[in-house]
Amino acid sequence: MNVHGILAIYKFEMARALRTLWQSLVTPVITTSLYFVVFGGALGSQIKEVDGIAYGSFIVPGLIMMSLLTQSISNASIGIYFPKFTGTIFELLSAPINSMEMVIGYVGAAATKSVVLGLIILATAALFVPIPIHHPFAMVAFLLLTSITFSLFGFIIGVWAKGFEQLNFVPALLITPLTFLGGAFYSISKLPDPWRTFSLFNPVVYLVSGFRWSFFDKGDVPVGISLAATGGFMLLCLAVIAWIFRTGYRLKN
Amino acid sequence: MTEPILSVRGVSKTYASGVHALHAVDLDINKGEIFALLGPNGAGKTTLISIICGIVTPSTGTITVGGFDAIGQPKRARRQIGLVPQELATDMFETVESTCRFSRGLFGHPQKSDHIEEVLRDLSLYDKRKSKIMELSGGMKRRVLIAKALAHEPHILFLDEPTAGVDVELRRDMWKLVHRLREKGTTIILTTHYIEEAEEMADRVGVISGGKLLVVDEKTALMKKLGKRELDIALNEPMSTIPGDLGDWELSLENEGKTLRYVFDAQAERTGIPSLLRKLADLNIGFKDLETSKSSLEDIFVDLVKEGGK
């Protein structure tokens, strides 16, 4: 196992985040605070409660999830896309480091950043509203699982992307809509059918629901299903990555 | 003879587009030598290097590096290799020192070592170690790439077009560096399309064109074996055309007709020189000086590439 190699990639990626601290951490915190003011403050005063939870508190898990998903994807995708773009990928490909070690380095760094970000948003939110955490271990587990899974997904996108617009395409046109429609700001049980049924095909519903369960002991779908759905998506991402490295897809000629 | 440090057997590459970049190349590199892979642009030099370094997957063939199979034991094979690519691909926002440390770590070496400092001093980069790469000139960036490749103490160093787009001074520096590295026992393989460079630096030369390795030999032997010589005859009276009686010899007029040039094969049993001189005397063509010179590697190269293209 090339531990020095994994550490080199991990440190490189973390250094990149520190260099762009503003972009990596401060921007999402500000964005989240804005959501909080608009949804929690302005609209929340009209809605009062959802499932017996104050609306301001209710949206916190959804907000964290939204940032976690978009940031995991963009961090991990840029991490691997940038060497492709600048040409420095030659060094990674010629180094005595296997695909698993490379993924641990890149995805580990991206997931670390996401977890830190999630905790910062949680702390920011705690300044505005009371946030009970009924299942702290489950909360941390969901935080980790989601960060790792979507960093893996981001890694795939980074390998697949042929330009910066494609890099932004997935977070902007897929993840954000899915999060908004995935019950981040409402309970899908409040939706009229057929929208409620449609929502069950949205994978983000399961993430948000499971995460919310860890806070309030209540979710839109049973927590076991949430875990299974997230775990299933992670396995799918791992399978795709294994295929990428076996075939050299968009990495090697 | 000792075991070659690098052995390439039947390596070929056909890209997905159908382009045959390499046709079954066999090549052995000896430990500690400087080997120049010489060929025009698009000959397959970079493809061959990229395959050996693991960046491009070969269509067929095997590669052994220091006894380790590059496909079966890629980690052990790759640890021994340092690659300086042709393109100036660098992490612009990193400092010189951190990018070298990254390379060292990536190749599985612990950071606790003053090797990096030594490399940076060797390449006159030590004063710039805290500078961001983007702030450096093109020549300095190339030095950084060399420092990165040397950061993990490779046994074999690949230099892909090391002096392309580099000014004369830096080119001389590069040559000196290559010789210093060889003294330390590093095996060096460089690609170039400058004959001058191969002639100056290499122990052995391989000529590659159209994806085929046309010839591999000691530089001096190659020049001797394939070298042609030229005989320049300084005429008393300038000549406008070559007399028909001299049609048996390969002659040309140079220097506004004042010099008659005869190109001959130095290895041939009969050079044709005595008979040519007798014929000139018969024809009453006076001359005041004779000068012979051997042709450069360049002429050999051009001949080979022409033949290879046929």
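**View 1. Helix H3 of chain A gives the most to the lining of the largest pocket, with 11 residues.** This is a predicted model. The largest pocket holds about 730 Å³ of space. Its lining counts 35 residues, and those closest to the pocket centre are A:Gln23, A:Ser24, A:Ser74, A:Asn75 and A:Ile78. Two or more lining residues come from each of helix H1 (3-19), helix H2 (21-47), helix H3 (55-86), helix H5 (99-128) and helix H7 (164-180), which belong to chain A. Sorted by class, the lining of this pocket has 15 nonpolar, 14 polar and six charged residues.

**View 2. The second largest pocket has a volume of about 620 Å³.** The residues closest to its centre, out of 28 in the lining, are A:Phe245, A:Lys252, B:Gly54, B:Pro74 and B:Arg78. From chain A, H4, H5 and helix H10 (223-247) each supply at least two lining residues, as do H1 and helix H2 (74-79) of chain B. H2(B) gives the most, with four residues. The lining of the second largest pocket has 18 nonpolar, six polar and four charged residues.

**View 3. The largest cavity has a volume of about 60 Å³.** The structure holds three cavities of 30 Å³ or more. From chain A, the lining of the largest cavity takes A:Phe90, A:Glu91 and A:Ser94. From chain B come B:Gly82, B:Leu83, B:Phe107, B:Leu145, B:Lys148, B:Ala149 and B:His152. Helix H4 (89-94) of chain A, with strand S6 (81-84) and helix H5 (138-150) of chain B, are the elements that give two or more residues to this lining. Five of the lining residues are nonpolar, three are polar and two are charged.

**View 4. The second largest cavity is lined by nine nonpolar residues, with no polar and no charged ones.** About 40 Å³ of space lies in this cavity. Its lining consists of B:Leu6, B:Leu27, B:Phe35, B:Leu37, B:Leu48, B:Ile49, B:Ile52, B:Phe158 and B:Ile189. At least two lining residues come from each of strand S3 (34-38) and helix H1 (45-53) of chain B. H1(B) gives the most, with three residues.

**View 5. Helix H9 (residues 203-216) of chain A is largely enclosed by the rest of the structure, because 12 of its 14 residues are buried.** Among the buried residues are A:Val204, A:Tyr206, A:Arg212 and A:Phe216. A:Asn202 caps the N-terminal end of H9(A), with a side-chain oxygen 2.9 Å from the backbone nitrogen of A:Val204. Just after the helix, A:Asp217 takes a positive phi of about 65°.

**View 6. Four strands of chain B form an open sheet in the order S2-S1-S4-S5, with antiparallel pairing.** Strand S2 (20-29) and strand S5 (68-69) stand at the edges with a single partner strand each, so one side of each is left without a neighbour in the sheet. Strand S4 (residues 60-65) is joined to S5(B) by two bridges, and the two run antiparallel. B:Thr64 stands opposite B:Asp69 in S5(B).

**View 7. Strands S9 (residues 204-209) and S10 (residues 212-218) of chain B run antiparallel and are joined by six bridges.** B:Ser209 has B:Lys212 in S10(B) as its bridge partner. This hairpin has two residues between the strands, and B:Gly210 takes a positive phi near 55°.

Note on methods
Residues are numbered from 1 along each chain as its sequence is written. Chains are lettered from A and ligands numbered from 1 in the order in which they are written. This is a predicted model: local features need pLDDT of at least 70, side-chain atom pairs count only at pLDDT 80 or more; totals for chains, interfaces and linings use all residues. Side-chain values use heavy atoms; hydrogens and water are left out. Two strands pair if DSSP finds at least two bridges between them. On a 1 Å grid over the protein atoms alone, a cavity is a set of points where a 1.4 Å probe fits but cannot get out, and a pocket is an open set with protein on both sides within 12 Å along at least five of seven lines; lining residues have an atom within 4 Å of a point. Grid points are joined across faces, edges and corners, and a volume is the space filled by probe spheres set on the points. Ala, Val, Leu, Ile, Met, Phe, Trp, Tyr, Cys and Pro count as nonpolar, Asp, Glu, Lys and Arg as charged, and the others, Gly among them, as polar. Buried means under 20% relative accessible area, exposed over 50%, partly exposed in between (1.4 Å probe, protein chains only). A polar contact is a pair of N or O atoms within 3.5 Å; within protein, one must be able to donate a hydrogen and the other to accept it, and residues adjacent in sequence count only if both atoms are side-chain atoms.
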